[in-house]
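Subject: Structure handover

Hello,

Please find the structure below, with the sequence. My notes on what was found in it follow.

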Amino acid sequence: MSPRSASVNEELRRRSKERLLQAAVEVVSERGYEATTLGDIADRAGTARGLVSYYFPGKRTLVQSAVHRLMHRTLEEALEREPRTEDGRERMARAIDAILGLARDRPVLMRQHMAGLLQADGFVPCPEQRRLAELLSDTVARHGSSDTGTDYPMLRALLMGAVFAALMPGAPMELPVLRAELFKRYRLDWEMGVPPGTEAPGGTREAGRTDLSRFFATGPAPDCPVPHRRPGPDGQSK
């Protein structure tokens, strides 16, 4: 068999990394951050333990990258779902509901994420976070901001505060109450976005809670050559 091309090797590496990101979200959602090891994540991803260290310097970086991937793809899906809209107020409503929806649907994961941001190593910049920042900045701009450099960090802080308040052990606030405050601040109508008790057009809430494959491209490399198998004496491929 001829050696794989550089482009195929690059695609295989990318998909190995994608599997690790998805596995991190799944395992931490089930067990929590402290009870999850890098070996657990590698086992779930079906990859060698050494590959984790190859792609990520540590568990904190891997988990933050995985959560930021889930956040930015969830936000992207909400902003671009049908019916598509360029209305800035509707897009802001969708953004708020997308992030609050993660607190509702994946409380263990989001609680661990918020706790991780308060650790000594704190916030870890990564490409996934930058994409999330781009989407939120664009949302702020479309909503009418003339100073996204100030208004984007404020939106980010308000969303983080709402998630924290919703997930605070022993004293959680109700998500509809937090939503109402955010909608009031941004002058949004209650029926915009995805009001509590409803779901986004074209999908079910339950499916969104369990199926992560649409956020992580983990299939086989499309142009990866398949080894030629010649028929044996019994007619079976060898």
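Contact, as used in these notes, means heavy atoms within 4.5 Å. Helices (H or I, at least four residues) and strands (E, at least two) are DSSP runs, numbered from the N terminus.

This is a predicted model, in which local features need pLDDT of at least 70 and side-chain atom pairs count only at pLDDT 80 or more, while totals for chains, interfaces and linings use all residues. Residues are numbered from 1 along each chain as its sequence is written, and side-chain values use heavy atoms, with hydrogens and water left out.

Overall picture

The protein has 10 helices and 0 strands. Along the sequence the pattern is therefore α-α-α-α-α-α-α-α-α-α. Of the 238 residues, 44% are buried (buried means under 20% relative accessible area, exposed over 50%, partly exposed in between, with a 1.4 Å probe and protein chains only). Among contacts between residues at least 6 apart in sequence, 68% join residues at least 24 apart.

H5, H8 and H9

Helix H5 covers residues 88-105, helix H8 residues 148-167 and helix H9 residues 175-185.

H5 and H8 pack at an angle of about 35°, and their axes are 9 Å apart. Axes are lines fitted to C-alpha atoms, for helices over the stretch in contact, and angles run from 0 to 180 degrees between N-to-C directions. The crossing of these two helices is right-handed (a crossing is left-handed if the near helix is turned anticlockwise from the far one by less than a right angle, and right-handed if clockwise). From H5, Met92, Ile96, Ile99, Leu100 and Ala103 meet Leu155, Leu159, Ala162, Val163 and Leu167 of H8. The residues of this contact divide into 10 nonpolar, no polar and no charged. Here Ala, Val, Leu, Ile, Met, Phe, Trp, Tyr, Cys and Pro count as nonpolar, Asp, Glu, Lys and Arg as charged, and the others, Gly among them, as polar.

H8 also packs with H9, at an angle of about 165° and with the axes 10 Å apart. That makes H8 roughly antiparallel to H9 (angles under 35 degrees count as roughly parallel, over 145 as roughly antiparallel, 65 to 115 as roughly perpendicular and the rest as oblique). H8 passes H9 in a right-handed crossing. On the H8 side the residues are Met154, Leu158, Leu159, Ala162, Ala165 and Ala166, and on the H9 side Leu175, Leu178, Leu182 and Arg185. They divide into 9 nonpolar, no polar and 1 charged.

Which residues of H9 are buried? They are Leu178, Arg179, Leu182 and Phe183. Seen down the axis of H9, these fall within an arc of 135°, so they line one face of the helix; the arc is that of the directions from the helix axis to the C-beta atoms. The buried residues of H9 pack against H5 and H8. On the other side of H9, Glu181 and Lys184 are exposed.

Helix H6 (residues 107-117) has Leu109, Met110, His113, Met114, Gly116 and Leu117 as its buried residues. Down the axis of H6 they fall within an arc of 160°, so they too line one face of the helix.

Gln64 is in helix H4 and is buried, with a relative accessible area of 3%. Leaving aside its neighbours within four places in sequence, Gln64 is in contact with His113, Gly116, Leu117, Gly122, Phe123 and Val124.

Val25 lies in helix H1 (residues 6-31), and its relative accessible area is 0%, so Val25 is buried. Again leaving aside neighbours within four places in sequence, Val25 is in contact with Ala66, Val67, Leu70, Arg106, Leu109, Leu212 and Phe216. The C-alpha atoms of Val25 and Arg69 are separated by 9.4 Å, with the two residues 44 apart along the chain.

Backbone points to look at

Most residues other than glycine have a negative phi, and most peptide bonds are trans. The peptide bond from Glu82 to Pro83 is cis, with omega near -5°. Pro83 sits in the loop between H4 (59-80) and H5.

Just after H9, Arg187 takes a positive phi of about 55°. Arg187 is in the loop between H9 and helix H10 (205-210), and at 58% relative accessibility it counts as exposed.

Regards
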